[in-house]
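Here is a briefing on one protein model.

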Amino acid sequence: MGAFDGAEVCKLVALNLIDSSYQPYCKPNSQLMYVHSDSNHPPNIIKEIPHTIELRLSTMAVNETVFNGSILLYKEALRKSGYKSKLTYQPQINKNQKDIAIVKLYALIDQHFPVGHRLHKIYNRNYIKYRADNKTIDFDDLTDDEFANGIVKVGLCAMNKKTNARPMKEILNRLQRFYLINFQIFPDELTLNEPVENWPVVDCLISFYSRGFPLAKAIEYAHLRKPLVLNDLEMQYQLQDRREVYRLLEEEGLEVPNYAIFNRDKQGNPESGEEIEEYDDTIIVNGKTLTKPFVEKPVSAEDHNIYIYYPSSAGGGCQILFRKIGSRSSVYSSESRIRRTGSYIYEDFMPTDGTDVKVYTVGEEYAHAEARKSPVLDGKVDRDSLGKEVRFPVILSAHEKMIAKRVCRLFKQTVCGFDLLRANGKSLVCDVNGFSFVKTSQKYYDDCSQLLGELILQNLVPNFWIPSQIDYPQLPLSPETPAVVPVGTSMELRCVVAIIRHGDRTPKQKMKMVVSHKLFLELWDRYNGEEEGRLKLKKPKQLQEILDITRTLLEGQSSLGEVSENRLKLQQMKSVLEMYGHFSGINRKVQIKSMNDKRNYDMITKFKGRNKTTDLSISTTKSLLLILKWGGELTAMGKKQAEELGRAFRCVYPGGQGEYGRVPGFGFLRLHSTYRHDLKIYASDEGRVQVTAAAFAKGLLALEGELAPVLVSLVKSDKHVSGMLDTPGDISGTMRRVKSRLHEYLHSTVDFKKEDEEKLAPTGSTSIIKAMHEVVNPHQMCKRILRLVKTLTKQIREKCEEPGVNPESPTLYHDETLNLMRHRWEKLEKDFSGGDEFDISLIPDIYDSVKFDYVHNSNKIERVKPHLKHCQKKFLHKHTERENLNLSKYLNKNCDDVPNNDLNINASALIDGPSSLIAGPSAQVGKSSLASEYGITSSEKAAISKQMCQCFFRKIQADLHYNVHQLEDTVHRLDPSDSHNVLTPHRHVRTRLYITSESHNVNDAQWKKAADYLNEVSELNFLTQIVFMQYEDPTADPLSVNRFHIEIFFSPGAKIPDYEKSDVLLNPSTDECNVKQSDSNICVLK
């Protein structure tokens, strides 16, 4: 074959008898052919062909000059066969020289690695082989001292601050174990002040940029001395520019966040062709739209002042990230406008569940990942006893390892660090930092030093490189609390699923008015209202436009023409829109519907019916129905309750000891911080639900600061979550039929009888039957409610007219004015009563307002305070706390001397009255005792529950089946192989929290014990919880029915506080919250 033909030719030698010289000889007309480099021969054969020819020709040439004159034919033949190797003369060592070198080598091995030495098994005469080629050391010129000091000189060229850092020292100490390597550190005095010609000559250079480092001089030195450079120096210029980093990543096909770049010149002016537009919750950068939350990064990688802007629905403002200062890495700011100086990259904010992942590579085949608490959450840096930031190693997926390999190769950085974003099922690269070391991992130090040493020796002295195995001491393990439940056998906690209702909120309110002024019509046309016949306006800019129109109409300028809109309602709308002094979050919204559009016929009919208008025809004059909605916001007390409940929730995990006051959930916090806890928090799209979820997460994870960063980072609320947790827009025919029957029963003018109980409570619900006994006659109870409401509204009107009282001043809770409170109650009074008929559907709204004012505003109505104190003290003196639900019954019997204008008597009367029968915010239970609106018979309950909660139920079922099928889809999981300070690295708990409103706080359990308990519950309050805890017996057979054990916890939520304690709750700044949970029961099921 061709390769061997060439070898045959090389065996011929031409001798010169005159001067005794010799040279390779090739027959005339001989054609040299070699195996092509792309052939299917083994790679080692292909690789060795040029080297073999090189050695043969060197042996046949008397010297290098003769060699160079004889290789032209062979070089051409190699080129045609696809080889790019150059043929270089290899000086020959005679046998005598070789023997001397081997003897010296063996002597040094015997001296430095005698029998008994821990490395003798590796470095001994049997394992050392000698090869003489151009890469070997000339042992004749090598002294014993030179060998002892190392034969490979490695230079470390960086700023003193970096070379003296603990990670670098740890690596260097371990590299000293390689006897063939000697290190030379280039101090700052040398690199900054001396020319590169005076720098030490080294075989390998480790050099990297940091602030103040002369990178240009390091590049000049590398060109001068040509050492092996581990981290490419020219590429480090590009690493300093985030724009170049993103460009290279995209060219490589690596996924990065969606981004846009805006460049300004040194004077701060936009560069040619650069445009940026800023709106309330969006920006448009050079035609590309980004919606908040988004990230604003300076283009310079050395500038760490990164801003994250939040949408107004989450509270607005921004989180400012910076290099760690003490225990802070970020702060929250109310600033919502982007910066106007400098060049920036704007990119989508990626929700990473509050975790940052940093990947460190050492060569293309090694990647170490660590996770830490994201500075976005609260800016507090978690540090250990040594003051180091707490980080824990996590496992990388195969895809992420490939990303690390490609990043290392792309940027030509052997030692490289980059940030990985794990979000929405993807792994994206967002920053490449270049040369980076792990701060505290002993295993990483061992691996890194081993890999660097082997890499240097393999490239510089491959003939004398032999892998070394070094044993390192293990660190002591820290104690932990076993995750067991005391039920006779050791059980590991595997999964926690909780469904939680939102916290205390303001009453939901709305105001309707017909508008036809040209300013409203222009607004309607501007937002293209005719397309769907309706508009929804909730953005700050849109609400500001409505407020401006309202103010203009109230000023009554003659140029505006006639103003037909109700002036009182305009004033009310102005007061509502001016509340809080700013538009932040979804706490107000305006709907506008065309009264001339047939698509709105049902709505118009209902509106005209309530307003006693008989003409139901569509008007020919263009007019709009404006609906202003506000309220339903989480109160300051609700936030405190949710945060306190989050802290209390830690006690269900190992180490909580059931007393979060004494032992503040240390076991849970350690479990979570060591990435053995998979936490996901889901919330529906209602503002109060999302803020409750954020406050709960803040308490659960011991976070600090504002809720906006927590909400955006940890709480998941998209269209899929909303579809699962929100009530469907179109209720089923079954639910309509149930409502119709329920209203028919509750409009009865006769007393309830025994047969009525069978109709309204066929399932035997204790709470419903008890409520029927309390109500007695629905019509009479409605009359009594109306009388109480009328008395209350009269009292509020009198309060507004008192001297010195400003009814427009926000003196009530949550910045509500007396006029707004009066409107709220007058509207309820008007809509509830229709002559001798009553709108039963408004009882939940009445109860909602009663409970809110009882908790937050009762101290504003001074005249009833002494009576209430007297009655309540008397009642509590005689009855236990468990009987407190019957307060209204006691007041009716024992406080006849108290006038019925008592707001708190109203609340008490409604608590045990019809609110237990009428569905609404105060009537919600699990499936076993749902309010009648969600079904009267068992079959109706099942049908309605299936429609409303089927997707939700399947999701919970999947959560509990996760451990049964042993799935491995966790995003962040502790790496057991590098967890020396964690006693149980394989422990892993999955937590799923679902924060929702009333209708989804249900339970599909069919177990009698749970159903019997729920039947006793008359009301589910704010923060009602259903918690599923799944335990596993690790010793049980995988197919055994006894392998898993489930406990179900239920609490009907926060109690209405006693009147005497309510004053504490009125002050949102107080540290006391006094969240009282109703007694919870436990149903243990297998």
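Helices (H or I, at least four residues) and strands (E, at least two) are DSSP runs, numbered from the N terminus. The model is predicted: local features need pLDDT of at least 70, side-chain atom pairs count only at pLDDT 80 or more, and totals for chains, interfaces and linings use all residues. Residues are numbered from 1 along each chain as its sequence is written, and side-chain values use heavy atoms, with hydrogens and water left out.

**Surface patch**
- Val13, Leu15, Leu17, Tyr22 and Val62 make a nonpolar surface patch of about 480 Å².
- Patch residues have over 30% relative accessible area and no salt bridge; nonpolar side chains (Val, Leu, Ile, Met, Phe, Trp, Tyr) are joined within 5 Å, like charges within 9 Å.
- A salt bridge puts a side-chain nitrogen of Lys or Arg within 4 Å of a carboxyl oxygen of Asp or Glu.
- Areas come from the Shrake-Rupley method with a 1.4 Å probe; for residues, only the protein chains shown count as cover.
- Leu15 lies in strand E1 (residues 13–16).
- Leu15 is exposed, at 64% relative accessible area.
- Exposed means over 50%, buried under 20%, partly exposed in between (1.4 Å probe, protein chains only).

**Nonpolar cores**
- A nonpolar core is a set of buried Ala, Val, Leu, Ile, Met, Phe, Trp, Tyr and Cys residues joined through side-chain atoms within 4.5 Å.
- The largest has 46 residues; Phe649, Tyr653, Ile681, Leu700 and Leu993 touch the most other members.
- Helix H21 (residues 687–700) gives this core its largest share, seven residues.
- Another core lies apart from it, with 32 residues, including Val256, Tyr259, Ile345 and Ala371.
- Tyr653 contacts (heavy atoms within 4.5 Å) Leu493, Val496, Phe668, Leu671, His677, Val989 and Thr991, leaving out residues up to four places away in sequence.

**Helix H15**
- Leu519, Phe520, Leu521, Leu523 and Trp524 are buried in helix H15 (residues 518–526).
- These buried residues pack against strands E22 (509–515), E23 (534–537), E24 (588–594) and E25 (624–630), and against helices H16 (540–555) and H17 (567–577).

**Backbone details**
- Just after H15, Asn528 takes a positive phi of about 55°.
- Asn528 sits in the loop between H15 and E23 and is partly exposed, at 46% relative accessible area.
- Asn286 also has a positive phi, near 50°.
- The loop between strand E9 (282–285) and E10 holds Asn286, which is partly exposed at 36%.
- Lys292 and Pro293 are joined by a cis peptide bond, with omega about 5°.
- Pro293 is in the loop between strand E10 (288–291) and strand E11 (294–298).
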